[in-house]
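Hi,

Here's the structure I promised to send over. Have a look at it first, and then read my notes below.

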Amino acid sequence: MRLIVQPENKKSYIHPEIYGNFSEHLGRCIYNGIYVGEDSPIENVNGMRKDIVDALKKIKLPVLRWPGGCFADEYHWMDGIGKKESRKKMINTNWGGVVEDNSFGTHEFFELCRQIGCEPYINGNVGSGTVREMSEWIEYMTSDNFSPIANLRRENGQDKPWKLKYFGIGNENWGCGGNMRPEYYADLYRQFQTYVHNYSGNHVYKIACGAGTSIANPNYEWTETIMKHARHLMSGLSLHYYTLPTDKWDHKGSSTEFDKEEYYMTLAHASFMDELCEKHGAIMDRYDPEKKIGLIVDEWGTWYDVEPGTNPGFLYQQSTMRDAMVAALTLNIFNKHSDRVHMANIAQLINVLQAVILTDGEKMLLTPTYHVFDMFSRHQGATLVESIMPMDPITSDGRTFSSVSHSASVDKEGNVHLTIANLSCDEDKKISLRLDGCAYALCDAQILTGEMNAKNDFDSPENVKIVPFDSAKIEACACGTEVEIELSKVSVLSLTFKK
C-alpha cells in the first residue's frame, strides 16, 4: 500500500479541543472516579485523585465537559455551592436512581480543570431550568462586579471570577433535555443565550444543542433548522453519535466477548462519523461558508451492554483494542474535518462507556483508548497536511471503509506527525510511505497493538501498552523521504519526523 504525505500542502488548523473529554454525574465517573474527597486515603489534592490528574495532564487533555449529558438538564447549580454538609441532595433519575449529594459542584469542577490545566466546558440547563437560573450561573462564575450573585461566589471562597470559554445552552433537547422539536428549541436557544452575558473581559463561546444521530436517523433536519434560525447567535453547534456493534439499543453486545463479525461491524459503524461530519458540515456551509461556527461533537464513543454484575444505570464497560481502533479511526476523521470540527469530547472520562481510565478503589488503570489519545496528542494545535492513500476496502453491514486510517500534521517547529491505524484483524499491512519535499529523520515511533479482544484489567493493567516501533526502514529519495513499514493487524502507529 502506498501512502504519500505532502507537508507543504497545508490545510486546516487542528484545534486541540478535538481531543477533549466528557464527565457526567453518571455511575462512577465523578464520585469514586476523579473525586474521592479531601479525607480519602487515596492520594488527592483538594479531593481530586492525583494519579488521575497526572494521567490526564500527560495526554494534554485540552477541555472537559460537565455536568452532563442528560444530567445537565436536571441540574440546578445552586444545589452544588456552599458548605458541603448543607448542599441539597437529589435523586439522579437518569442514571441509576442514586442519591446525588452535590458535593462536587461548580467550585470543585473549576478546581479539577485548574489541576489538569484544561479549559472548562459547562452545559447549562434548558430542559428544566430557567433563563434567570442560567444567567445567574454565568454571572456567579465570571463576573467581577460587586453584585449579590458575584458576592455569593466570594462568600463561598472564590474571590476572583473564573474564566469560562465554553458554555452549552442545553443538552439533547430533542430527547432527555425536553423532547423538543427543532423549531421550538431554536426559539428557546435564542431566548436563553440572550442572557448569557460576557462579564469582566470573559467572552463566552456559546454552543447550541445540535443533532442526535444514528445510522438509521442522521437527523439532518435538526441542523438545518437550528442553523436557519439561530446561526447568528452561536459560536458552535453540537452533534452526538455513539458507535454500537449493531443498531439495536436493547442489545448492544458485550464490550469484551465478540467475534470478528462484530469487530468489523463496530468499525463500520464508527466510520459513519466521516459521513456525519461531511453532511452536517455541508448544511452548516450553506449558512456559514466561512466556517466560523464550530461543529462540536461533544458526545462520541462506543456503547455496549454494561459489564455483568454492575448497575445497569452506571454504564460501566471494559475497553479493548477494538475501542482503541474506534478511537484512532474517529480521531483521524476529526483531524481531516478540522476545518469544521472545532471540538470533540469522548464519552466518558472515567468508568463510563469508552473511558480512558478505569478505577477500582485505590487501583487505577489506563485503557487502550487512553493510549490512543496519548499517541495522537502530537496533533494538538498543529496544521493538517495532505495525506493520500488508495482505499483498501473492508465491507461490513453494508458499509465500506478502508482497512487503513491515517492523518498527518505539521507543528510550529516543522515536525511532521503521522498517525496510522491498521483496522484489519486478519492481516498485517506493508506500507510504502513517502514524505515529499526534503529529507526527514524519524525521531519518534510508537505502536499500540494486540489481539482485538485484548484489554487491561486490574490484574494485568499493562497488558496493552505503547511500545517503541523500531522496524521502519528509512532513506532519502529524489522526491523527499521513503519509509517502509510493516504494520501488524489491529494496531495504531505514531511517527514523528524532523527535517
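Which residues in the largest nonpolar core touch the most other members? Bear in mind that this is a predicted model. That core has 124 residues, and the ones with the most contacts to other members are Met 141, Phe 167, Trp 300 and Phe 334. Helix H9, residues 321-336, gives this core its largest share, ten residues. There's also a second, separate core of 24 residues, with Leu 3, Val 5, Ala 445 and Phe 497 among them.

Back to Met 141 for a moment. Leaving out residues up to four places away in sequence, Met 141 touches Thr 106, Phe 110, Ile 122, Arg 153, Pro 161, Trp 162, Leu 164 and Phe 167. Phe 167, in that list, is also one of the residues that touch the most other core members.

Next, the helices. H8 runs over residues 272-287, 16 residues in total, and spans 23 Å from its first C-alpha to its last, close to the expected 22 Å. Its buried residues include Phe 272, Met 273, Leu 276, Cys 277 and His 280, as well as Gly 281, Ile 283 and Met 284.

H8 has a partner in H6 (residues 220-230): their axes come within 9 Å and cross at roughly 25°. An angle under 35 degrees counts as roughly parallel, so H6 is roughly parallel to H8. The crossing is right-handed. On the H6 side, the contacts come from Tyr 220, Thr 223, Glu 224, Met 227 and Lys 228. They meet a set of H8 residues including Leu 276, His 280, Ile 283 and Met 284, and those four are buried.

Cheers

Terms used. Residues numbered from 1 in each chain as written. Predicted model: local features only at pLDDT ≥ 70, side-chain atom pairs only at ≥ 80, totals over all residues. Heavy atoms only, no water. Core = buried A, V, L, I, M, F, W, Y, C linked by side-chain atoms within 4.5 Å. Buried < 20%, exposed > 50% of the residue type's maximum accessible area, 1.4 Å probe, protein only. Helix = DSSP H or I, 4+ residues; strand = E, 2+ residues; numbered from the N terminus. Contact = heavy atoms within 4.5 Å. Expected span 1.5 Å × (residues − 1). Axes fitted to C-alpha atoms, helices over the stretch in contact; angles between N-to-C directions. Parallel < 35°, antiparallel > 145°, perpendicular 65-115°, else oblique. Left-handed = near helix turned anticlockwise from the far one by under 90°.
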